[in-house]
Amino acid sequence: MKRKRMIMIGGWTRLYRKAVQCGFELTVVQEKDKIKLEDFNYIEQLITFSIDDLNVLDVIRILHQKQPFDCVVSMQEKGLLTAAYIQDMLQIKGNPIDPVLLTKDKVRMREHLVKHGLKSVPFKAITKVEDVVEFINRVGFPIILKPVYGTGSRQIHKITDLDQIQEALSSIQKEYDSNVVLAEKFMDGVEVSVESFTWDGKHTIIAVTDKMTTGSPYFVETGHCIPSSLPEKTILEIKYLTIEFLKSINHWMGPSHTEIIITDDGPYIIESHTRAGGDFIYDLVEMVYGVDMFTLLFEGLAGKIPKVKLKEDRGAAAIQYFNFAPGKITKIEGIEEVRKSPGIKKCQIDLEVGAEIKPFTNSSERYGYIIAEGRTKKEVLENIEAALGKLSIEVE
C-alpha cells in the first residue's frame, strides 16, 4: 500500500518516529540547528526554514504539484499558523485556519468569549499609557499587561502602581512587532490546564492538570501535576467550560491545551492552544491515563478512527522545574543517583560548573526539570523530594 505523505512543521525525534510508525512518509520543516542525526532515520524530505516563516508555503506548493501531500500538522506553537495556512492553501487534512488564528490572538479570543456568552476576564486592547490608566480606572488594581501573541510566559507584567506602566509597556512593544498590548484584570485563584483530544469536532477531556508558577512578577510555570486535586464539582465545571469553548471555536482535530483560573466567582479561560500542552504535559498524560495523543492524531490522519481509552489503573505524575539561588555554580553532583531514584522517570539539568544562575523571567530560561510518577500526588511529590535530596549543587 502506498504510504500517505505528511508535512510536519517543527517537531522532534519521537514525534517523527511516531508519524512514520503510523505509516507516513514525512516531510519536515525545521531549523537546521534543531535537527539531530537520528532524525534522518524518519525524515524523507527536510526543508530548513524557520517554522514560522510563511515563505515556506511557496516551496510546499511546488512540491505538492509534483507529489501531493495528504495532511499537515504542527505540535509547536511557532508552527501552528504555518501549518494552518498550508492546510488552507492545499485543502488537505489538518487543523483549519480560523481556530488557530483565534487562539493565537489573545484580544480576538477575549472578544470571542464575550460574543459566545462564555465568562471572560475583563480586558482591553491598549497601545499607550493613557489606555492603561483608563482601564485601571474602570477595573482597579492589580492588572496584567501581556503581548497579544506571546508564548512561554514571556513579557507578562503585573501592574500594581501607575509608575510601572511605561516600563512594562515599552518592554512588551520593544520585543513584539505589534504595538497593541493586552491589558487584563488580575484574577486571583488556582491555575490549571485542560488536556483534550478532538476528532471530527467531537471533544474528549483527558486530564485536568494542576499548575505551579513563580507568581508575580513573571508567572513562569515551575511545575505540573496530574490528576488535579480540585474538588470533583469544580472539575466538572472546568470540563464543561472547556468543551463549550472548543465547540465555539470549531476546533476540529487533535490535541488542545486550555489554561483556566478558578476564582471565587468560578472558572475563567485564560488562553487556549490547538496543540498538546508543553512542558512534557503530554508525557504526564500518557503516564497517568495511557493516552498517547500524538499517535491518536497520526492514526486518525492515516484513516483509522482514533478512540480515546483511559486506562483504569491510574496513578499520578508530575514535572518540577529547578529553581536555584542566584550565583555561580561551583559543584554539581548526584544527577545519576537522582535518575535511579524510585519513581523518577527523567531528570535533566541544563547547567555546568562555572555557569551563572539568574532568576528566570520566562520558560526558555529555566535550568532543567525532574519528572516522577507514583500512586498518588502525595507519593509523587515525596519521590521528587527524596530524589532531590541526593542532588548536590553548590552556588557561590
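Author: Helices (H or I, at least four residues) and strands (E, at least two) are DSSP runs, numbered from the N terminus. The model is predicted, so that local features need pLDDT of at least 70 and side-chain atom pairs count only at pLDDT 80 or more, while totals for chains, interfaces and linings use all residues. Residues are numbered from 1 along each chain as its sequence is written, and side-chain values use heavy atoms, with hydrogens and water left out.

Reader: Where is N250 found?

Author: N250 has a positive phi of about 60° although it is not a glycine. Most residues other than glycine have a negative phi. As for its place, N250 is found in the loop between α8 and β12.

Reader: Is N250 buried or exposed?

Author: Buried means under 20% relative accessible area, exposed over 50%, and partly exposed in between (1.4 Å probe, protein chains only). The relative accessibility of N250 is 55%. N250 therefore counts as exposed.

Reader: Which residues is W252 in contact with, leaving aside its neighbours within four places in sequence?

Author: W252 is found in the loop between α8 (232-249) and β12 (254-263). At 42% relative accessibility, W252 counts as partly exposed. Contact means heavy atoms within 4.5 Å. With the neighbours within four places in sequence left aside, the contacts of W252 are N95, P96, T198, W199, D200 and G201.

Reader: Is Q155 buried or exposed?

Author: Q155 lies in the loop between β6 and β7 (157-159). Its phi is near 60°, a positive value in a residue other than glycine. Because its relative accessible area is 14%, Q155 is buried.

Reader: What is the omega of the peptide bond from F141 to P142?

Author: Most peptide bonds are trans. P142 lies in the loop between α6 and β6 (143-147). The peptide bond from F141 to P142 is cis, with omega near -10°.

Reader: What is the omega of the peptide bond from I226 to P227?

Author: The place of P227 is in the loop between β11 (221-226) and α8. The peptide bond that leads from I226 to P227 is cis, with omega near 0°.

Reader: How are α3 and α4 oriented to each other?

Author: Axes are lines fitted to C-alpha atoms, for helices over the stretch in contact, and angles run from 0 to 180 degrees between N-to-C directions. Helix α3 (residues 80-90) and helix α4 (residues 97-104) pack with their axes 9 Å apart, at an angle of about 155°. Angles under 35 degrees count as roughly parallel, over 145 as roughly antiparallel, 65 to 115 as roughly perpendicular and the rest as oblique. The two helices α3 and α4 are therefore roughly antiparallel.

Reader: What is the handedness of the crossing of α3 and α4?

Author: A crossing is left-handed if the near helix is turned anticlockwise from the far one by less than a right angle, and right-handed if clockwise. For α3 and α4, the crossing is left-handed.

Reader: How is α4 placed relative to α5?

Author: Helix α5 (residues 106-115) and α4 pack with their axes 5 Å apart, at an angle of about 105°. That makes the relation of α4 to α5 roughly perpendicular.

Reader: How many nonpolar, polar and charged residues are in the contact of α6 with α7?

Author: Helix α6 (residues 129-139) and helix α7 (residues 165-175) pack at an angle of about 125°, with their axes 10 Å apart, which makes α6 oblique to α7. V129, V132, V133 and I136 of α6 and I165, Q166 and L169 of α7 make the contact. By class, these are six nonpolar, one polar and no charged residues.

Reader: How many disulfides does a search of the whole structure find?

Author: A disulfide is a pair of cysteine sulfur atoms within 2.5 Å. The sulfur of C22 is 10 Å from the closest cysteine sulfur, in C71, which is too far for a bond. Over the whole structure, the number of disulfides found is zero.

Note on methods
Nonpolar A, V, L, I, M, F, W, Y, C, P; charged D, E, K, R; others polar.
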